[in-house]
Amino acid sequence: MRSLVVFTFLSGATISTCIAYFVPASGCGLPSFPPVLSRVVAGEDVRPHSWPWQVSLQSDSSGRWRHVCGGTLISSDWVLTAAHCINDRYNYSVELGKHSLKMSEEGSKALRAATIITHEDYNVLLSRNDIALIKLSSPISFSDTIMPACLPDRAVVMAHGAPCYVTGWGRLSTSGPPADILQQALLPVVGHDTCSQPDWWSVLATDKMVCAGGDGITAGCKGDSGGPLNCQNPDGSWDVHGVVSFASGQGCNVLQKPTVFTQVSSYIDWMNAVRNI
């Protein structure tokens with residue numbers, strides 16, 4: 001069941017149009033500080049804490065904790081990320097409620113990864129089943145800066161051209177520096193019929209993946225891996241429909257080589273089974 005709530009918020013010196021949201025009973029997918037959505041080319045700094053399910057997955061592979069991938073908080077104790085982000089030789093920590101990775105921020109939390117489960121059929125060569133779940137060392141309390149994204153229903157496929165947003169602290173360009181401030185970028189969905197054409201991703205794009213972008217300008221990049229593809233529902237809430245999986249080896253922004261995501265709706269049964277173990 002969903003209850004009707006009306007929000008108004010300020011953007012600069014003007015008051016935005018009032019939006020009626022039907023709030024999910026689970027309390028997911030509705031940030032206290034809604035994102036400022038635009039259609040600018042390339043990425044942009046996000047409104048602080050407007051994607052409160054975005055996490056920074058950090059490893060000790062270099063001898064100190066550093067950001068290696070993104071992830072999505074989907075409940076009080078589970079985080080969704082990509083299987084290719086995980087290396088059994090290292091320990092992992094999850095930073096929640098972050099805006100800047102370089103600053104200590106009120107409302108942020110760091111928790112160790114207690115259990116990490118990668119998909120049993122993950123294929124590193126073909127990026128098949130590139131999905132993993134991380135159980136946090138203890139449940140996190142939700143707040144204005146930390147809350148979960150919603151999950152789509154099983155087998156839902158986003159329509160070609162659907163306006164979704166990738167978020168993360170990945171590189172600002174193929175050879176550029178990693179972002180300090182969380183970034184967002186509009187990536188319209190590219191339907192499977194298009195993405196699987198020979199001059200796009202061909203057979204590398206399966207029906208368990210979501211392609212988005214491909215204009216040669218805007219894309220996910222190194223460091224965005226594991227992070228969410230956020231798509232808004234008619235009621236205003238946000239589902240995570242994709243997990244950043246791969247891009248072209250020629251660079252992050254290659255024409256007709258959209259960012260490819262693991263399609264979350266194809267793995268709802270697997271996720272439910274893992275979380276019930």
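Reader: How many cavities of 30 Å³ or more does the count come to by this rule?

Author: The count comes to one cavity of 30 Å³ or more, where a cavity is a set of points, on a 1 Å grid over the protein atoms alone, at which a 1.4 Å probe fits but cannot get out. This is a predicted model, in which local features need pLDDT of at least 70 and side-chain atom pairs count only at pLDDT 80 or more, while totals for chains, interfaces and linings use all residues. Residues are numbered from 1 along each chain as its sequence is written, and side-chain values use heavy atoms, with hydrogens and water left out.

Reader: What lines the largest cavity?

Author: Its lining, which counts residues with an atom within 4 Å of a point, includes Val46, Arg47, Trp51, Lys98 and Leu182. The space in the largest cavity is about 50 Å³, a volume being the space filled by probe spheres set on the points, which are joined across faces, edges and corners.

Reader: What makes the largest pocket a pocket, and how much space lies in it?

Author: A pocket is an open set with protein on both sides within 12 Å along at least five of seven lines, and about 830 Å³ of space lies in the largest one. It is lined by 38 residues, with His67, Val68, Cys69, Lys222 and Gly223 nearest its centre. Strand S7 (66–73) and strand S16 (238–246) are the elements that give two or more residues to this lining, strands being DSSP runs of E with at least two residues, numbered from the N terminus.

Reader: Why is the pair of tryptophan 51 and tryptophan 53 called edge-to-face?

Author: Rings of Phe, Tyr and Trp (its six-membered ring) pair if their centres lie within 6.5 Å, and planes under 30 degrees apart count as stacked, over 60 as edge-to-face and the rest as tilted. Here the centres are 6.0 Å apart and the planes stand at 80°, so the pair is edge-to-face. Tryptophan 51 and tryptophan 238 also form an edge-to-face pair, with 4.8 Å from centre to centre and 75° between the planes. Because tryptophan 51 lies in the loop between strand S5 (44–45) and strand S6 (54–59) and tryptophan 238 in strand S16, this pair ties together parts that are 187 residues apart in sequence.

Reader: Are tryptophan 51 and tryptophan 238 buried or exposed?

Author: Both tryptophan 51 and tryptophan 238 are buried, a term for under 20% relative accessible area, with exposed meaning over 50% and partly exposed in between (1.4 Å probe, protein chains only).

Terms used: Helix = DSSP H or I, 4+ residues; strand = E, 2+ residues; numbered from the N terminus.
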